[in-house]
Amino acid sequence: MEFQFILVEANYQPNIALVRLNRPKELNALNLQLMLEMKEALAQLDANEEVRCIIITGNEQAFAAGADIKQMESKTAIDLLKIDQFETWDQIRKTKKPIIAAVSGFALGGGCELAMTCDMIIAAESAKFGQPEIKLGIMPGAGGTQRLTKAVGKAMAMEMVLTGKFIGAEEAKNIGLVNRVVPDEVYLDEAVKLAKEIAQMSPVAVRLAKESVLKAFDSGLQEGLYFERKNFYMCFASEDQKEGMNAFIEKRKPVFKGN
Ligand code: CAA
């Protein structure tokens, strides 16, 4: 697969791979193709025995300013259901090797969610985090309500998700969203330093330890029920639901069209 929107260096440093988001004019907005490329790149790096730690970064101005609003704008609920873009994100989350997000500039919406999907975050002083989806009349969809709440607790997550406010790197550090804040000039070097430390450990132990820490995030019954409920409501955005229920009432066979 040719990568159009990311740059991948499997041997950026010994045992350390770098994936750079590369849509600078759009502040690295995450379109569907970029996320497919990210999934593919991470799968390749996961299978590469030389790689022991992966760094994902953007540029000085933006890690990523969110999912691509221009690509999403005209979509319907059923379009999104069919595209099933978050399945790509689930695959990224399954990467076995540790991933460090090196964040400078904007990490907003899907950008903040991508950083949180990584295992650790090194933030430049200029970094700005936020879940501004509410200002677009939507809500986070790539794990923001879950991962942010688990990282920073209910009060701050609720405020960020309901107001869409941005927070700076220092505040992100204070509330537990990032590992550390470093001067802008060295954010990538600091991520490399952390990656090198981890790369010295047993890859097997690192893999199992990562898996075990992530296990602490797995859902309980209540979350599963909530997930089911939302999907149940989503069905009512479809014409098929109306057709199915009307057909029952009219005592005829339904004709489902997948809309
Ligand atoms: N999608 C598509 N294009 C985007 C984008 C996005 N998320 N963010 C920025 N861009 C584009 C802008 O449209 C602009 O393109 P043009 O030059 O063609 O107009 C270019 O990138 C530069 O952006 P700005 O001119 O807006 O730059 P700025 O410095 O004035 O503002 C910003 C920067 C505050 C980050 C602003 O761009 C912004 O608010 N972006 C949107 C942030 C956002 O709402 N993200 C959430 C998206 S929804 C989501 O992510 C859902 C999910 O959970 C998966």
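**View 1. Leu36, a partly exposed residue of helix α1.** At a relative accessibility of 35%, Leu36 counts as partly exposed, the class between buried (under 20% relative accessible area) and exposed (over 50%), with a 1.4 Å probe and protein chains only. The model is a predicted one, in which local features need pLDDT of at least 70 and side-chain atom pairs count only at pLDDT 80 or more, while totals for chains, interfaces and linings use all residues. Residues are numbered from 1 along each chain as its sequence is written, and side-chain values use heavy atoms, with hydrogens and water left out. Leu36 sits in α1; helices (H or I, at least four residues) and strands (E, at least two) are DSSP runs numbered from the N terminus. When residues up to four places away in sequence are not counted, Leu36 touches Met1 and Thr88, where contact means heavy atoms within 4.5 Å. From Leu36 to Gly176 the separation is 140 residues in sequence and 29 Å in space, taken from C-alpha to C-alpha.

**View 2. Asn31 in the loop that runs between β2 (16-21) and α1 (32-47).** Although it is a loop residue, Asn31 counts as buried, with 7% relative accessibility. A polar atom of its side chain lies 2.7 Å from the backbone nitrogen of Leu34, which is a polar contact (a pair of N or O atoms within 3.5 Å; within protein, one must be able to donate a hydrogen and the other to accept it, and residues adjacent in sequence count only if both atoms are side-chain atoms). Leaving out residues up to four places away in sequence, Asn31 touches Phe5, Arg23, Asp68 and Gln71.

**View 3. Thr57 in strand β3 (residues 53-57).** Thr57 is buried, and its relative accessible area is 0%. A polar atom of the Thr57 side chain is found 2.8 Å from the backbone oxygen of Ala102. Ala102 also belongs to the residues in contact with Thr57 once neighbours within four places in sequence are set aside, together with Leu18, Val19, Arg20, Leu21, Phe63, Tyr187 and Leu188.

**View 4. The surroundings of the ligand.** In this view 22 residues surround the ligand, and the closest are Ala67, Ile69, Gly110, Glu113 and Glu133; a residue is near the ligand if one of its heavy atoms lies within 4 Å of it. An N or O atom in the side chain of Glu113 is 2.7 Å from an oxygen atom of the ligand, whereas Ala65 places a backbone N or O atom 3.0 Å from a ligand nitrogen atom, and Lys25 has a backbone N or O atom 3.5 Å from a ligand oxygen atom. On its own the ligand has 980 Å² of accessible area, of which the protein covers 64%, with areas from the Shrake-Rupley method and a 1.4 Å probe; for residues, only the protein chains shown count as cover. Two or more residues of the shell come from each of α2 (69-72), β6 (106-108) and α5 (110-117), and the largest share, three residues, is that of α2. Sorted by class, the shell holds twelve nonpolar, four polar and six charged residues.

**View 5. The buried side of helix α4 (residues 86-93).** Thr88, Trp89 and Ile92 are the buried residues of α4. They span an arc of only 100° around the axis, which puts them on the same side of the helix, the arc being that of the directions from the helix axis to the C-beta atoms. The cover over these buried residues includes α1, β5 (99-103) and α5.

**View 6. Helix α6 and its buried face.** The buried residues of α6 are Gly144, Leu148 and Val152. Viewed down the helix axis they fall within an arc of 20°, so they line one face of α6. These buried residues pack against α5 and α7, and just after α6 Gly153 takes a positive phi of about 90°.

**View 7. Helix α7 (residues 154-163), with its buried residues and the face turned away from them.** Met156, Ala157, Met160 and Val161 are buried in α7. Because these residues fall within an arc of 120° down the axis, they line one face of the helix. What covers them includes β8 (128-130), α6 (144-152), β9 (166-168) and α8 (169-174). The face turned away from this buried side carries the exposed residues Lys154, Ala155 and Leu162. Just after α7, Gly164 adopts a positive phi of about 75°.

Notes: Ala, Val, Leu, Ile, Met, Phe, Trp, Tyr, Cys and Pro count as nonpolar, Asp, Glu, Lys and Arg as charged, and the others, Gly among them, as polar.
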